[in-house]
Amino acid sequence: MQTMAEKDMYAFWMKTAPKRVMMLGAILFLIGLLRNLGYDWNIVLMAVGALLFLKGLVLKLKK
């Protein structure tokens, strides 16, 4: 038997899971694209860091 908190957490994860998977896919695509174009790992990690930073700013401004 599930408690109400467990049901709420499951609903939360099912609602946010597609967004998390899309963000992970975008990060992996960016890493693969930049490595394929011949950029070194330090440039790739800076680009991924900038993408995550921008996502954090957007989420903070939405609240």
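**Patch and pocket in a predicted model**

Me: Why is Met46 called exposed?
Reply: This is a predicted model, and in it Met46 has a relative accessibility of 53%. Exposed means over 50%, so Met46 counts as exposed. Its place is in helix α2.

Me: Why is Leu33 called partly exposed?
Reply: The relative accessibility of Leu33 is 37%. Buried would need under 20% and exposed over 50%, with partly exposed in between; therefore Leu33 counts as partly exposed. Leu33 lies in helix α1.

Me: What makes the nonpolar surface patch?
Reply: Phe29, Leu33, Leu37, Tyr39, Ile43 and Met46 make this patch, which covers about 620 Å². Patch residues need over 30% relative accessible area. Leu33 has 37% and Met46 has 53%, so both pass that cut-off.

Me: Which helices supply at least two residues each to the nonpolar patch?
Reply: They are α1 (4-36) and α2 (41-62).

Me: What lines the largest pocket?
Reply: The lining consists of Phe12, Lys15, Thr16, Lys19, Arg20, Met23, Lys55, Leu59 and Lys62. Six of these residues come from α1, the largest share, and α2 also supplies at least two. The volume of the pocket is about 270 Å³.

Me: How do the lining residues of the largest pocket divide into nonpolar, polar and charged?
Reply: Three are nonpolar, one is polar and five are charged. Lys and Arg count as charged, and the lining includes Lys15 and Arg20.

Me: How far apart in space are Leu33 and Thr16?
Reply: From C-alpha to C-alpha they are 26 Å apart, with a separation of 17 residues in sequence. Leu33 belongs to the nonpolar patch, and Thr16 to the pocket lining.

How values were computed:
Residues are numbered from 1 along each chain as its sequence is written. This is a predicted model: local features need pLDDT of at least 70, side-chain atom pairs count only at pLDDT 80 or more; totals for chains, interfaces and linings use all residues. Side-chain values use heavy atoms; hydrogens and water are left out. Patches are made of residues with over 30% relative accessible area and no salt bridge: like charges are joined within 9 Å, nonpolar side chains (Val, Leu, Ile, Met, Phe, Trp, Tyr) within 5 Å. Accessible areas come from the Shrake-Rupley method with a 1.4 Å probe; for residues, only the protein chains shown count as cover. A salt bridge is a side-chain nitrogen of Lys or Arg within 4 Å of a carboxyl oxygen of Asp or Glu. Helices (H or I, at least four residues) and strands (E, at least two) are DSSP runs, numbered from the N terminus. Buried means under 20% relative accessible area, exposed over 50%, partly exposed in between (1.4 Å probe, protein chains only). On a 1 Å grid over the protein atoms alone, a cavity is a set of points where a 1.4 Å probe fits but cannot get out, and a pocket is an open set with protein on both sides within 12 Å along at least five of seven lines; lining residues have an atom within 4 Å of a point. Grid points are joined across faces, edges and corners, and a volume is the space filled by probe spheres set on the points.
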